[in-house]
Amino acid sequence: MSRTRTLLVAVAAVPFLAIAASSGAMAEETTNYSLEKTDTGYIRMNNRTGEMSICQEKSGQLNCKLAADERRAYEEDVADLKTRVAKLEDTVASMGKIPPVVRDALPSDEEFEKGMNYMEKFMRRFMGIAKEFQNDNSGAKPQQAQPQKT
């Protein structure tokens, strides 16, 4: 019987715990802003970012708008970020793709093998000519030994 009571108490306590947790979260959020009264309304400051808004009370509601200078700066930042995101998206989209100009300029496997055969022929002939020159120079008059000066 006591287990049943404990279970009922625990189930009944869950909504109260949820309410307490959410009110703690709300209290934390409200400390993110500070309000200062002015002659024409209020100034709201975001304590984390330093962003300031001008607020006016109308019909029991507090309507806040970003200050003019900050609004312009905010819009410029958004425009800059949109441009950067577009560039990054283009870069990511183009990764792994070979442009058609480069892709069409690459030789086929047959053309590559043909080119390698030409290169091999060239190197063999070149090395043959180099050996001929070496053999021709070996028959030339030998250099005289330099006397040792010790």
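## Strand S1 and Lys37

Lys37 sits in strand S1, which covers residues 33-37 (strands, E, have at least two residues and helices, H or I, at least four; both are DSSP runs numbered from the N terminus). This is a predicted model, where local features need pLDDT of at least 70, side-chain atom pairs count only at pLDDT 80 or more, and totals for chains, interfaces and linings use all residues. Residues are numbered from 1 along each chain as its sequence is written, and side-chain values use heavy atoms, leaving out hydrogens and water.

Lys37 is exposed, at 62% relative accessible area (buried is under 20%, exposed over 50%, partly exposed in between, with a 1.4 Å probe and protein chains only). Its C-alpha atom is 9.9 Å from that of Gln56, 19 residues apart along the chain.

## Ser53, tucked away

Now for strand S3, residues 52-58, where you'll find Ser53. Ser53 is buried, with a relative accessible area of 3%. Leaving aside residues up to four places away in sequence, Ser53 touches Tyr42, Ile43, Arg44, Cys64, Lys65, Leu66 and Ala67 (contact means heavy atoms within 4.5 Å).

## Helix H4

Helix H4 spans residues 109-138, and Asp109 belongs to it. Asp109 is exposed, with a relative accessible area of 65%.

Phe126 is in helix H4 too. What is the relative accessible area of Phe126? The value is 47%, so Phe126 counts as partly exposed.
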